[in-house]
Amino acid sequence: MKKKIIRITTVPQSLGGLLTGQLSFMSDYYDVIGISSNEQVLKNVGIKEGINVIPLEMTRSITPFKDLKAIIDLYKILKKEKPFIVHSHTPKAGMVAMIASLFARVPNRLHTIAGLPLLEATGLKRVILNFVEKLTYGCATKIYPNSYGLKKIILEEKFTIDKKLKVIGNGSSNGIDTSIFDPKIYTEKQKKELKKSLHINDNDVIYTFVGRLVKDKGINELVAAFTQLEKEKDNVKLLLVGTYESELDPLSTDTLHFIENNKNIINVGWQNDVRPYFSISNFLTFPSYREGFPNVVLQASAMKLYSIVTDINGCNEIVIEGLNGTIIPTKNTEQLYTKMLNLHDKNISGLDLEKCRSLIIEKYERTFVWKKLLEEYQSLENEIY
């Protein structure tokens, strides 16, 4: 009889998106149950991954009474299911899962850290988030930062002790399927048609951002750098693939104005498949303030895009300066503009775009990451409690 593992995220988009394929892979070895909010979307994830799912309402914001209810409800689920492992992702799910699984006496309470939103918080909010982070780590038996840089930050902030921390493989929560993120999939005809639909000319240089259109992702700096660039060059486009989060992390009024009124800034919104947009792009521009281990940079590199990223954990582990991209300081519009201008003027044929892809295949292929996590799970079976 297979041992039972429960995987939990705050929203099902994380369970089914950030961990695509991983739950199905693990179900060959364990009885996997997925827990998240939004019952209907969660059911679709369960069907896609071939696992059982249980809905649990959670919020992404600070809601003490709703959080307490979620902890109590999850405790009841855990007492019934009696899992061998509870493995959580995302901050709120981590807090709820680790507290509930401690009280339910789950032997292995695992939490993956894919970023620390609290690093940009200040004042009372930072104090609260620091407490929640330490509480989550204190209830867990193991913490998995998904990058070595993130592990270093956790130790510097004294959230937990070193022996509780481990990076799986070379980093990343799920790796990347390089057979899916492959530029060869798209023909010249397909790319030409997509460009035409977006009113992009063949000689345009396309800088692309994929992700949430929020302050923490550096969108204010990116739009400011681009508006400066287009004063110098008349054949540039900024392609934005993502959605706003106006309540959680709004952009400045000026940035929103430029996005909505500049014909050279193309906002295509949320896309289930970002590959076509990578296929027509020249460069990834990803000036984020903080990351865990950004899938976007992995995906872009696998699609043979040279990347401009900020000097933050994850990004500065994936990108090797001058090989598959270049690294700039965070919150620095001028440096971002300068790099965008330099790359515009540089002959793209002089860049080794094959190296962009081969680096990802070598270190972050999805099945490699899955097998390393499986080895970790299997090692826990031999521990005595």
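**Questions about a predicted model**

Me: Which residues of helix α7 (residues 148-156) are buried in this predicted model?

Reply: In this model, which is a predicted one, the buried residues of helix α7 are Gly-149, Leu-150, Ile-153 and Ile-154.

Me: Why are these residues said to be on the same side of α7?

Reply: They are placed on the same side of α7 because the arc they cover around the axis is only 140°. The face turned away from that buried side carries Lys-152 and Glu-156, which are exposed.

Me: What do the buried residues of α7 pack against, and where does a positive phi occur just after the helix?

Reply: The buried residues of α7 pack against the strands β5 (108-113) and β6 (142-145), and also against the helices α6 (123-139) and α13 (315-318). Just after α7, a positive phi of about 60° is taken by Lys-158.

Me: Why is Thr-90 called partly exposed, whereas His-199 is called exposed?

Reply: The relative accessible area of Thr-90 is 21%, and since buried means under 20% and exposed means over 50%, with partly exposed in between, Thr-90 counts as partly exposed. His-199 has a relative accessible area of 66%, which is over 50%, so His-199 is exposed.

Me: How do you know that Ile-176 is buried, and which residues is Ile-176 in contact with?

Reply: Ile-176, which lies in the loop between α7 and α8, has a relative accessible area of 2%, and because buried means under 20%, Ile-176 is buried. Leaving aside its neighbours within four places in sequence, Ile-176 is in contact with Phe-181, Leu-298, Gln-299, Ala-302, Ile-360, Tyr-364, Glu-365 and Arg-366. Ile-176 and Thr-367 are 191 residues apart in sequence, yet their C-alpha atoms are 8.2 Å apart in space.

Me: Why is Cys-356 said to be in no disulfide?

Reply: A disulfide requires a pair of cysteine sulfur atoms within 2.5 Å, and the cysteine sulfur nearest to that of Cys-356, belonging to Cys-315, is 14 Å away, so Cys-356 is in no disulfide. By this rule the count of disulfides comes to zero.

Me: What makes Cys-139 and Cys-356 count as buried or exposed?

Reply: The relative accessibility is 6% for Cys-139 and 0% for Cys-356, and as buried means under 20%, Cys-139 counts as buried, and Cys-356 counts as buried too.

Me: What is the volume of the second largest pocket, and which residues are closest to its centre?

Reply: The second largest pocket has a volume of about 330 Å³, and of the 16 residues that line it, the closest to its centre are Lys-191, Ser-279, Ile-280, Ser-281 and Asn-282. The elements giving two or more residues to this lining are α8 (188-197) and α11 (275-279), and α8 gives the most, with four residues. The residues of the lining divide into seven nonpolar, three polar and six charged.

Notes
Residues numbered from 1 in each chain as written. Predicted model: local features only at pLDDT ≥ 70, side-chain atom pairs only at ≥ 80, totals over all residues. Heavy atoms only, no water. 1 Å grid on protein atoms, 1.4 Å probe; cavity = no way out; pocket = protein on both sides within 12 Å on 5 of 7 lines; lining within 4 Å. Points joined across faces, edges and corners; volume = space filled by probe spheres on them. Nonpolar A, V, L, I, M, F, W, Y, C, P; charged D, E, K, R; others polar. Buried < 20%, exposed > 50% of the residue type's maximum accessible area, 1.4 Å probe, protein only. Arc of directions from axis to C-beta. Contact = heavy atoms within 4.5 Å.
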